[in-house]
Amino acid sequence: MTSFHHVGTYGLASGEFTLDNFIKLFMQDDLPVLLGNTSVYVGGTIGLTTILASIWAWITERTDFKYKTTTRVLMMTVMGLPPIIQGFGWTLLLNPNNGYFNHLLRQFFNLESNYGPVNIYSMGMMVFISAFLLTPTVYLMLSGVIRNLDYKLEFPAILAGVHPMRRLMHIIMPILLPGLLSVVIYTVMIMIQVFDIPLTIGLTAGIHVLSTRIFLLSTADLGVPNYNLAAAFGVFLVIIAVGFMILYRHLTRMAEKFSVISGKNYRHVMTPLGLKRFGVYLYSSVFFLMALAPVLILAWASLLPFYRLPSIGALQAISLNNYWRLFDSQVFQTSFGNTVIVVLVGSTITVAFSLLVAYVALRTKGVVGQLVDVFAFLPIAIPHVVLGLAVLLLYVRTPIYGSIAVIIMAQVSVNLVFGVRSISSTLIQVHPDLERAAAICGTGRLKTIWLVLIPILRPSLINGWLFIFAHAMRDLAIPLIFLTSKTMVLSSALWMLWGYPNIPSGAALSMVLVGILVVLVVPIQIYASRLDAKAQG
């Protein structure tokens, strides 16, 4: 509604409706550049990510690679790292003046210049960094697609001596295409929402995309916030994202036509790597070194009184003083307390609401169940910065505006889709006869859910809670939109420390965030990966 109001009129407030904001949007001189930047950023990232993730999925699902469990755990660890931390870490590594990788390259090639040779503040580097961040997510989705490819479909062509490239193009790709397309479309929806890397690197480079433009319009960075124009941009972006969501749902429904596991002598054959294993080991080492390098450089920076390039001489200045000062600061104490409330309360409310929504969607027949399912999936098509702006405009003139309660509401809206999908995948396997038996015994519906369903769904509920917890910890867009001295959380405090700039304290806070996520997420992922490995053989 705000997008159809004149400047200064928000939400459901009465006032004259107008299309002026949309006219201003399409009349902006830099709109073609903005759309071009967004398209290049999204397309380039997805292209590079798909290549990296496909290689990993094929290695772990179709070969006799020994370190599959280790790979999955490392992938989940990389996926759990907050993008803002990755962005700051890469800035220290590839800053054209004093980036550590640039320093090594200048020494190796004996370059006289003190600038470059790699400039992180470019579209190419934004794509490169985002691809490393997105690869674990796409890898997890592609793994299931490639894992279910039956070896018997290729066997006749192998016996006939068909070249591997022809087998790939004429047998494997047509079967994988629906699954691959659904993954690509889903990834497009993710990339449209990406905010952290364009904010941490793109703004300095002068490269704007749609998500950062909406954020800047809704804050004071460009002067007085223009919520009405920001809302118009948000509506424009949502229309694009919803179109991709409809296409995604259509492709996932089509995928059943291409099912290859029917219970009739399905075979899961692993291809021996042979001498190729050395190439795989090299690829693995380089990939995870590059993916984890930003964390390592931040760990180094957190131990120094001021940032210095890694060297033997700098070891004498190492201490934990940055951590002690951080823990004693009012900024950390306030943001840590708010973060605990937001992630614990928000994750618990989201899981409880997700269980209710999943139950209604799967157990209610007819149009009602389908509508609930569609509306539960809809938030995935709405970028976080847009959804945060919508919640802000909804509560801007209410007593709870400026409190962490609004952040919790926004986080619940954003993460609901993940909770519903996680619980639905298990609930759909629970036959309704269990609930009918409880009803015959006179047990009420709520008591049946508590005594029958929740014990069965407990693993999915725990995994869903941990997933939502990790995403709430790393989210930056929503905390920044609602940022005040009273609503600061760890991610927004990190943004402020980096912006001062206070690199040592920012690096220390980054490591605190990484430590919390690793301690909570990695043990669960090790356990789940071992169970998955046992299930496969």
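In the predicted model, Val340 has a relative accessibility of 33% and therefore counts as partly exposed. Val340 is found in helix α14, which spans residues 330–363. Together with Phe336, Ile341, Leu344, Val345 and Ile349, Val340 forms a nonpolar patch on the surface. The accessible area of these residues together is about 440 Å².

Helix α14 also packs against helix α13 (residues 321–328), and the contact joins Leu326, Phe327 and Asp328 in α13 to Gln330, Phe332 and Gln333 in α14. Two packed helices are described by the angle between their axes and the distance between the axes. Here the axes come within 5 Å and cross at roughly 65°, which means that α13 is roughly perpendicular to α14.

One salt bridge was counted in the model. Asp30 forms a salt bridge with Arg213, and the closest N and O atoms are 2.6 Å apart. Asp30 lies in the loop between α1 (20–27) and α2 (31–62), whereas Arg213 belongs to helix α10 (residues 210–217), so the pair ties together parts that are 183 residues apart in sequence. The two partners are described by their accessibility as follows. Asp30 is partly exposed, with a relative accessible area of 28%. Arg213, at 10% relative accessibility, counts as buried because the limit for that class is under 20%.

A further feature concerns the backbone. Most residues other than glycine have a negative phi. Asn110, although not a glycine, has a positive phi of about 55°. Asn110 lies in the loop between α5 (100–108) and α6 (123–147), and this residue is exposed, with a relative accessible area of 66%.

Note on methods
Residues are numbered from 1 along each chain as its sequence is written. This is a predicted model: local features need pLDDT of at least 70, side-chain atom pairs count only at pLDDT 80 or more; totals for chains, interfaces and linings use all residues. Side-chain values use heavy atoms; hydrogens and water are left out. Patches are made of residues with over 30% relative accessible area and no salt bridge: like charges are joined within 9 Å, nonpolar side chains (Val, Leu, Ile, Met, Phe, Trp, Tyr) within 5 Å. Accessible areas come from the Shrake-Rupley method with a 1.4 Å probe; for residues, only the protein chains shown count as cover. A salt bridge is a side-chain nitrogen of Lys or Arg within 4 Å of a carboxyl oxygen of Asp or Glu. Helices (H or I, at least four residues) and strands (E, at least two) are DSSP runs, numbered from the N terminus. Buried means under 20% relative accessible area, exposed over 50%, partly exposed in between (1.4 Å probe, protein chains only). Axes are lines fitted to C-alpha atoms, for helices over the stretch in contact, and angles run from 0 to 180 degrees between N-to-C directions. Angles under 35 degrees count as roughly parallel, over 145 as roughly antiparallel, 65 to 115 as roughly perpendicular and the rest as oblique. Contact means heavy atoms within 4.5 Å.
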